[in-house]
Amino acid sequence: MSLLIEHIGELVTNDPTRGDGSPLGLIRDAALVIEDGHVAWVGSTTSVPAADERIDAGGRTAIPGFVDSHSHLVFAGDRAAEFAARMAGAPYTGGGIRTTVAATRAASDTKLRTNVARLHREALSQGTTTIEIKSGYGLTVDDEVRSLRIAGEFTSETTFLGAHTVPAGSGADGWNADRYTELVCGEMLAAARPYARWIDVFCERGAFDEAQSRAVLTAGIKAGLLPRIHANQLTAGAGVQLAVELDCASADHCTHLSPADVEALAGSATVATLLPGAEFSTRSPYPDARALLDAGATVALATDCNPGSSYTSSMPFCLALAVREMTMTPAEALSSATAGGARALRRTDVGHLGIGARADIALLDAPSYLHLAYRPGVKLVSTVFVGGLLSKELLDGEPSS
Ligand code: NIG
Ligand code: FE
């Protein structure tokens, strides 16, 4: 069974051997054939092969579905009041994580699942076709496992973030960071392992220090998980260097970088994942994307969707921020939000529309991908294909008229 999408005004393949030869591999007046859920042919509308079915894209732009490589969708409640306080001048410290932990522990499985489903659908409707989802608002063995189990109902890119913060508690029974790190590396990791692909830690003053972060990631690697890290978000610290040392797939946030950090990332396979929704929502200075790109580091853009520091599921919004606030070009931003995200998840099957890629495609009601940043806040994604199929979740989620 083959499907031809024709009359694509502009097709972004992310395959530089195609079309205009730029990193985006742009083809104008293009067509694409999908077979068995994968891209089987791309080229010009004037020379299309035969196919069982045809769809007319009507001049729309087609891009690879966004790869959101960093989200925290499993939680209950929100922290709108904390956001309002910040907008009135209060700083973001990460202390609010415990508020969400309390709400998450108190929520039923059904409630958590419904929340993830809503955010997942929201992301999909804005063109996200691959999403990583972390645990980290449970912080007990059972609550972390439950979060990962529910995350796994929506994605294969699940991340164990038991080391998100040290849980509340005081007196003799209270946690300290060292004792809690032992739990994370021992019993919690053993229980979480079957439900996770990745291990993550919030390496930050007030969360986990360098030694604790190294212990968490090393234990995870030993258990067969792949490492990634929250690094250098609120302060300059050891996170980025640790990421490179341990060959993490990604160092996320990278808001406070030294020249040595930039150099280390540029000389490594670790992707610098930037999360401008967090700087927007915490009114913080944006990371220096230019320094990273100019040094030759691979950059990814992701939402960091969570109820505290970045309550957005919108990759187009993050892309627009990256262009306007981080001096990325529209092409760099789109590449980072697709191919960059795939690199950050060590995936070769998504983030591009070269031959053999999974047919994850977002059609934009726009003549060019440039409109993603040029028309911020406007819903341009009209249709989403996941594995070559029109997203059923979106069709089912459509309000009946
Ligand atoms: O990536 N930095 C740690 N974790 C989240 C924020 C979590 C929260 O505030 O609830 C982040 O920004
Ligand atoms: Fe995060």
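Domain bounds here come from an automatic or database domain assignment. On that basis the protein is divided into domain 1 (2–65 + 352–397) and domain 2 (66–344). This is a predicted model, in which local features need pLDDT of at least 70 and side-chain atom pairs count only at pLDDT 80 or more, while totals for chains, interfaces and linings use all residues. Residues are numbered from 1 along each chain as its sequence is written, and chains are lettered from A and ligands numbered from 1 in the order in which they are written.

The C-alpha centres of the two domains lie 29 Å apart. Their contact (C-beta atoms, placed from the backbone, within 7 Å) takes 24 residues from domain 1 and 20 residues from domain 2. On the domain 1 side, at least two residues each are supplied by β5 (61–64), α13 (371–374), β17 (381–386) and α14 (392–397); helices (H or I, at least four residues) and strands (E, at least two) are DSSP runs, numbered from the N terminus. This side of domain 1 divides into 16 nonpolar, 6 polar and 2 charged residues, where Ala, Val, Leu, Ile, Met, Phe, Trp, Tyr, Cys and Pro count as nonpolar, Asp, Glu, Lys and Arg as charged, and the others, Gly among them, as polar.

Turning to the ligand, 14 residues surround ligand 1 (C-beta atom, placed from the backbone, within 6 Å of it), the closest being I97, F202, N306, G308 and S309. The shell comprises 4 nonpolar, 9 polar and 1 charged residues.

Finally, what covers the buried residues of helix α8 includes α7 (239–245), β13 (250–253), β14 (271–274) and α10 (289–295); a residue is buried if 20 or more other C-beta atoms, placed from the backbone, lie within 10 Å of its own, exposed if 12 or fewer, and partly exposed in between.

Notes:
Contact = placed C-beta atoms within 7 Å.
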